[in-house]
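Biologist: Before I plan anything around this protein, could you take me through part of its fold?

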Amino acid sequence: MNRTQPRPPSPPPSPEAPLLAVRDLRVEFRTRDGVAQAVNGVSFGVSAGETLAVLGESGSGKSVTAQAVMGILDTPPGRITGGEIRFEGRDLLTLPAEERRKIRGARMAMIFQDALSSLNPVLSVGYQLGEMFRVHRGASRKEARAKAVELMDRVRIPAARARAGDYPHQFSGGMRQRIMIAMALALEPRLIIADEPTTALDVTVQAQVMELLADLRREYRMGLILITHDLGVVADVADEIAVMYAGRIVETAPVGELYRAPAHPYTKGLLDSIPRLDQKGQRLNAIKGLPPSLLSVPPGCGFHPRCPMARPVCRTDEPPLYGEVGPGRASACHFWKELLDER
Ligand code: SF4
């Protein structure tokens with residue numbers, strides 16, 4: 001799709017419309033070795049107050065999807081070649097760059113994995129948080145400082161007032177991630193996208209940061225998208241899960257249903273590879289093989305070289321996302337029913 005062509009204006013939002021509706025999104029990267037189809041027809045929605053976890057191995061397209069939604073995709077080499085990203089009723093892909101910039105930060109915000117490289121090392125955290133209010137809300141230095149301390153309190157940083165003058169390196173990894181969350185929350189956005197927000201943290205701190213995000217999402221009634229490679233991290237906080245593989249969504253389900261009865265062999269493989277306390281001493285069931293290069297995704301079902309259930313049809317026929325799996329569920333596996341019947 002040529003994005004330089006003007007498109008008709010977006011219709012006004014309906015009251016039932018989800019906060020974010022992504023439809024048939026396609027993103028490709030042109031490289032010296034060919035064209036990588038990083039996101040290949042991805043659709044999902046997030047409502048206010050809801051948490052969607054987007055799960056997948058590295059290279060599955062989950063972070064590229066998030067960057068496309070945020071409008072921070074590197075172009076070139078990336079290029080959105082099709083689809084729609086409708087946020088609060090407006091198709092973001094048709095908006096002028098200046099409009100999108102205004103939405104970013106104020107209406108939707110992102111939390112990155114690496115807080116240390118996302119924060120300015122030579123400015124105090126209080127200054128950096130306060131800057132959001134000075135730049136976007138015209139606050140005075142004193143007002144901005146007060147707002148920064150209030151935000152630090154909100155994300156449960158002990159002795160916030162005393163610590164507002166400290167620099168990023170003076171905080172632990174978990175506290176720095178809280179500061180990133182505070183930055184994202186500053187302008188009270190309607191949607192937060194958190195890209196692997198706890199990957200660099202140890203397990204206990206991971207749980208605390210996840211709990212904080214879940215509490216704030218409830219308090220602010222925001223939509224939250226959690227991008228992760230770790231199914232174990234999202235079990236307690238997500239409402240819905242979308243599993244990505246080789247640029248496509250291969251399964252979507254409410255979180256409890258997906259854990260109870262996965263309808264795609266890839267999801268089942270991910271669940272089987274989570275360490276469990278009652279299986280101490282046993283080998284973990286890792287999924288065999290590696291994800292494909294996005295330059296050469298296998299024909300048919302992209303998962304077939306790694307799938308223990310693969311049949312000849314899987315090598316030739318690409319499975320659609322079958323929507324009849326159950327309420328709110330879909331699976332891109334020809335044999336989803338067989339998998340559910342096994343349970
Ligand atoms: Fe496995 Fe075939 Fe299902 Fe793909 S379509 S996940 S290869 S059984």
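Biologist: Which residue in β7 is the bridge partner of Ile111?
Modeller: This is a predicted model, in which local features need pLDDT of at least 70, side-chain atom pairs count only at pLDDT 80 or more, and totals for chains, interfaces and linings use all residues. Residues are numbered from 1 along each chain as its sequence is written, and side-chain values use heavy atoms, without hydrogens and water. Strand β6 (residues 108-111) pairs with β7 in the parallel sense over four bridges (strands, DSSP E runs of at least two residues, are numbered from the N terminus, and a pair needs at least two bridges). Within β7, the partner of Ile111 is Ala194.

Biologist: Which residue in β8 stands opposite Leu191?
Modeller: Strand β7 also runs parallel to strand β8 (residues 223-228), with five bridges joining them. In that pairing, the β8 residue opposite Leu191 is Gly223.

Biologist: How many of the residues of β7 are buried?
Modeller: Leu191, Ile193 and Asp195 point one way from β7, while Ile192 and Ala194 point the other way, and all are buried (under 20% relative accessible area with a 1.4 Å probe, protein chains only). Strand β7 (residues 191-195) is thus mostly covered, and the number of its five residues that are buried is five.

Biologist: At what angle do helices α7 and α8 pack?
Modeller: Helix α7 (residues 173-185) and helix α8 (residues 203-220) have their axes, lines fitted to C-alpha atoms over the stretch in contact, 10 Å apart. Because their angle is under 35 degrees, α7 counts as roughly parallel to α8. The packing angle is about 15 degrees.

How values were computed: Axes fitted to C-alpha atoms, helices over the stretch in contact; angles between N-to-C directions. Parallel < 35°, antiparallel > 145°, perpendicular 65-115°, else oblique. Buried < 20%, exposed > 50% of the residue type's maximum accessible area, 1.4 Å probe, protein only.
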